[in-house]
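Please read the following report alongside the sequence and the coordinates.

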Number of protein chains: 2
Amino acid sequence: MPPEEFRRWARIAADWIADYHSKVGSLPVMSQIKPGELRASLPPKAPEHGETFKAVLEDLDKLIMPGLTHWQSPNFFGYFPCNNSFPSILGEILSAGLGVQGMLWATSPACTELEAHVLDWMAEMMGLPAKFKSSGKGGGVIQDSASSAVLCALLSARERATNLASNERGCDRSLTVYASNQAHSSVEKAVKIAGIGKQNLRLIETDERFAMRPEALATQITKDRKAGLTPCFVCATTGTTSSNGFDPLSEIGRICRGRREESARRKRVRKRTPHLGIWLHVDAAMSGTATICPEFRHFQKGLEFADSYASNPHKWMFTNFDCDCFYVADRASLIRALSVLPEYLRNQATESGSVIDYRDWQIPLGRRFRALKLWFVIRHYGVEGLKHHIRRHVALAQEFADWVGLSDEFELLAPVPLNLVCFAAKAPRAGRRARNEFNAQLLDRLNKSGKLFLTHTILNGCYALRFCIGQTYTEREHVDEAWRVIRNVARELGEEKGAQARRFGGRKISQEN
Amino acid sequence: MPPEEFRRWARIAADWIADYHSKVGSLPVMSQIKPGELRASLPPKAPEHGETFKAVLEDLDKLIMPGLTHWQSPNFFGYFPCNNSFPSILGEILSAGLGVQGMLWATSPACTELEAHVLDWMAEMMGLPAKFKSSGKGGGVIQDSASSAVLCALLSARERATNLASNERGCDRSLTVYASNQAHSSVEKAVKIAGIGKQNLRLIETDERFAMRPEALATQITKDRKAGLTPCFVCATTGTTSSNGFDPLSEIGRICRGRREESARRKRVRKRTPHLGIWLHVDAAMSGTATICPEFRHFQKGLEFADSYASNPHKWMFTNFDCDCFYVADRASLIRALSVLPEYLRNQATESGSVIDYRDWQIPLGRRFRALKLWFVIRHYGVEGLKHHIRRHVALAQEFADWVGLSDEFELLAPVPLNLVCFAAKAPRAGRRARNEFNAQLLDRLNKSGKLFLTHTILNGCYALRFCIGQTYTEREHVDEAWRVIRNVARELGEEKGAQARRFGGRKISQEN
């Protein structure tokens, strides 16, 4: 494709995106296709001869679009926000055009330096402790996801606890890991991947706000130590995915730190003992963005105890996936755990020790120039602009929570600290099972309507609808309309159920006759 | 940013990319900046107020550009090709605009179905065994990199060998893993991450073509079994990164298969014995693209023995990073090893069992719509067009190898099966150490010239220059010019060294007087 043709098609693609973003609110949010439907419409073999880009773009509209669930819709309230923005898209466009590799500083210095720099900006914007900045012993890196971040943190913890012996001789099976029973599934996945094993993962009970009970953590750690095990890693969550619970970092941190100091005392006695401190990782993937606003920083009180931290601008900071900001207080621990240096990657800059080689901070080797979009977003919105939008989302969610709280038909199933509302229809005369079934059917009907999209969770055995506000284009009118649709569909469903019950009741009566 | 403003800036960005690709051949390939130079030019804090996009784009030109090494330059011959193309960039642009999440089928069905479909196309295009297609028990998935692919393969192997006990109880430390001493560093990294330990990784010796010696593999496996260990994974490479060695898959496959059958026999006797077969993964990250041309498929003879396979369109198939195509013959093994299902991700489609949820095929949870760019590339070039460019690159490399072979001043240090030429200046009167130093200085001087970029490796103790041809815009004229520059710079350096030697010699004589 000659450059002139690219100019032409890129303009058409740009217009296509602008049009898409302008109309996305009017599209059915959830894709309505059936499994296999798209594949059935695609040719079984790759084309032998090249096709025009016109044909490709037509197929995008005709074949792909009906198969998409529109995450950028202002009526998308499911899972977690995954909001992008035009400045971020421009960052992705230019990054794709440049096509550079940032695996080493030497392979494109700007790619590494901009990332380190913008992650220092982010640390300051979110009020993180200074130790996480690259100016000291720590530093930040963009990971693809919080799953990869927690894995990297866990591997660093594993190697610190075993003095690099797990990397060398295989994972020490006496290591134990802790997270709340509300922690993200990526913790269990990381524990399995790292060879620690699910049996060595302790899911600590939570309180009525779905926050980890620190005393339960302390008890379990003591019990494990007595059993000859080696607690090495705690994952605390500030903003759980399921219901936005916030673990108390100060108490958890003191438990980890206390043990670490005890281990330091032991160390003075017995030399060559591996470092037994408990690594504290804080997973703020879902809600970390909120801490750009100082009034929400109390949720991360105690963060100074943490060894690592992750937050996802690709969730709630107008930045395209993938962009997880992962920080470590001691980058040497991370690099020691993940570094492997073959001859063909050796270079003067690496050997000088004066540069960051991000390949040693992550699982894969190669990496895209992802800092560009984050830089663009921060510069476009400014810190002030980001605060404005975060506050707007939180205010909308609080208002929605008020409507639920004041309603006779619905109730809140969890506190609403920020922008996630977990609620359910009361369906008063039914038992828990029937009530859960009612809410599951309600969700299904809402999503199939295409008018809005939300997802669910289970809280204390109750099926809860999750309503998360954080998309770029979500305004008050969308939340208003969503609440109207939710109430209407719930009433419709309630009436149908009532009629059904009467019909069944009638039949029962007639059978009795 | 309103849509109209995005249209305007996206057009400017598109023109920027078209201009960049038109002039990239005239830019110094390697960035000339010093460590810290970019960071020093950036403000220490994020801007409080939003800035214009004009200011951002100006900084891209002024601050970022000097810090980039231009991977898309036709004069880039380093590491591995990382070639993108306009159709691929258009795919990335539209994917960024759509901003959908493909973690589950349900979160955007088209994202999953297009990926599964295009990976089946790719399997057929590269002549892979039918078992790797999703129509049977196998299937393909896009990973970020071959590093993640080998990790996923290793985890599947670990769980198959231990009947899921490693996921449950922690990694079994008697597992052993095999790869040639020329295998990619990602194998060692995966072995460490998975908790198997570097001590349990056997680097098998290679022959004069840098291919694994199958008899050495068989001997080592037998030895390990006798020692009570459990061989579980062999990574064979078809096209090593260092020198493009090709491991003999048929012989290696028979060794793995033989053991597997033996284990099956044992199984009939002792029930509940874990599956002891050796998982064979084939890493074709560097050279797999070549097999789109039937004449290069002999390199993967024996692939029918493999359990998994990975090749990187983001290296040599005009597709933007990240796009590694990873295939498994038995997707159930992969899913069992990596699946964790929290309540908030449950959905009807997943429970029906009729769809692929790619989150269970990879380390992270979230995923971009990466199939779009691969689809665009295949449809734009057609299979025929891809063959044309691959053959062109191979022919250019073969020609370059001939020039080296016929030259008095240079020699080849490895066979040249495809598009990578490993060579060195002879520097005849010097010993090996001086000769290696000469070639290291030659590389440094070539790269600092900005006229071309190549990297190095060490082969049998000799420092070798690696000249890899695979960039989208590389034509014969660039290879001609590169050869001219290499010879000139080598002569210059030789003359300087000669003068130096004479100077030192002179001084020595005067000292003796």
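## Nonpolar core

In this predicted model, B:Leu154 touches B:Val177, B:Ala190, B:Val191, B:Ala194 and B:Phe233, when residues up to four places away in sequence are not counted. The largest nonpolar core has 338 residues, and among these A:Leu154 and B:Leu154 touch the most other members.

B:Phe233, one of the residues touched by B:Leu154, stands opposite B:Trp279 in strand 5 of chain B. Strand 4 (residues 230-237) of chain B and strand 5 (residues 279-284) of chain B run parallel and are joined by five bridges.

In chain B, seven strands with mixed pairing make up an open sheet, whose order is 1-7-6-5-4-2-3. Its edges are strand 1 (139-143) and strand 3 (201-204) of chain B, each of which pairs on one side only, and from one strand to the next the twist averages 20°. Helix 5 (residues 109-125) of chain B packs on this sheet, where it touches strand 1 and strand 7 (324-328) of chain B, and the direction of the helix makes about 105° with that of strand 1 of chain B.

## The four-stranded sheet of chain B

Another open sheet of chain B has four strands in the order 8-9-11-10, and its pairing is antiparallel. Strand 8 (410-412) and strand 10 (455-459) of chain B are the edge strands, each pairing on one side only, while neighbouring strands are turned by 40° against each other on average, direction ignored. Strand 10 of chain B is joined by five bridges to strand 11 (residues 462-468) of chain B, and the two run antiparallel; B:Ile458 has B:Tyr463 as its bridge partner in strand 11 of chain B.

Helix 14 (residues 371-406) of chain B packs on the sheet and touches strand 8, strand 9 (420-425) and strand 11 of chain B, with a direction that makes about 20° with that of strand 9 of chain B. Helix 15 (residues 432-449) of chain B lies across strand 9, strand 10 and strand 11 of chain B, and runs at about 30° to strand 11 of chain B.

## Strand 11 of chain A

In chain A, strand 11 (residues 462-468) is largely enclosed by the rest of the structure, because six of its seven residues are buried. Strand 9 (residues 420-425) of chain A runs antiparallel to strand 11 of chain A and is joined to it by four bridges, with A:Phe423 standing opposite A:Leu465.

Five bridges join strand 10 (residues 455-459) of chain A to strand 11 of chain A, again in an antiparallel arrangement, and A:Thr455 has A:Arg466 as its bridge partner. Two residues lie between the strands in the hairpin formed by strand 10 and strand 11 of chain A, where A:Asn460 takes a positive phi near 50°.

B:Asp59 lies in helix 3 (residues 53-64) of chain B and counts as partly exposed, because it has 16 C-beta neighbours inside 10 Å.

## Interface and symmetry

In the contact between the chains, 122 residues of chain A meet 122 residues of chain B. Helix 1 (residues 3-23) of chain A gives the most to the side of chain A that touches chain B, contributing 15 residues, and by class that side has 60 nonpolar, 38 polar and 24 charged residues.

Chain A is superposed on chain B by a rotation of 180° with 0.0 Å of shift along its axis, at an RMSD of 0.0 Å; the two copies are therefore related as by a two-fold rotation axis. Because 100% of the interface residues of chain A are also interface residues in chain B, the copies meet through the same surface.

Conventions: Residues are numbered from 1 along each chain as its sequence is written. Chains are lettered from A and ligands numbered from 1 in the order in which they are written. This is a predicted model: local features need pLDDT of at least 70, side-chain atom pairs count only at pLDDT 80 or more; totals for chains, interfaces and linings use all residues. Two residues are in contact if their C-beta atoms, placed from the backbone, lie within 7 Å. Ala, Val, Leu, Ile, Met, Phe, Trp, Tyr, Cys and Pro count as nonpolar, Asp, Glu, Lys and Arg as charged, and the others, Gly among them, as polar. A residue is buried if 20 or more other C-beta atoms lie within 10 Å of its own, exposed if 12 or fewer, and partly exposed in between; C-beta atoms are placed from the backbone. Two strands pair if DSSP finds at least two bridges between them. Copies are superposed by least squares on the C-alpha atoms of residues with pLDDT of at least 70 in both. A nonpolar core is a set of buried Ala, Val, Leu, Ile, Met, Phe, Trp, Tyr and Cys residues joined through C-beta atoms within 7 Å. Axes are lines fitted to C-alpha atoms, for helices over the stretch in contact, and angles run from 0 to 180 degrees between N-to-C directions.
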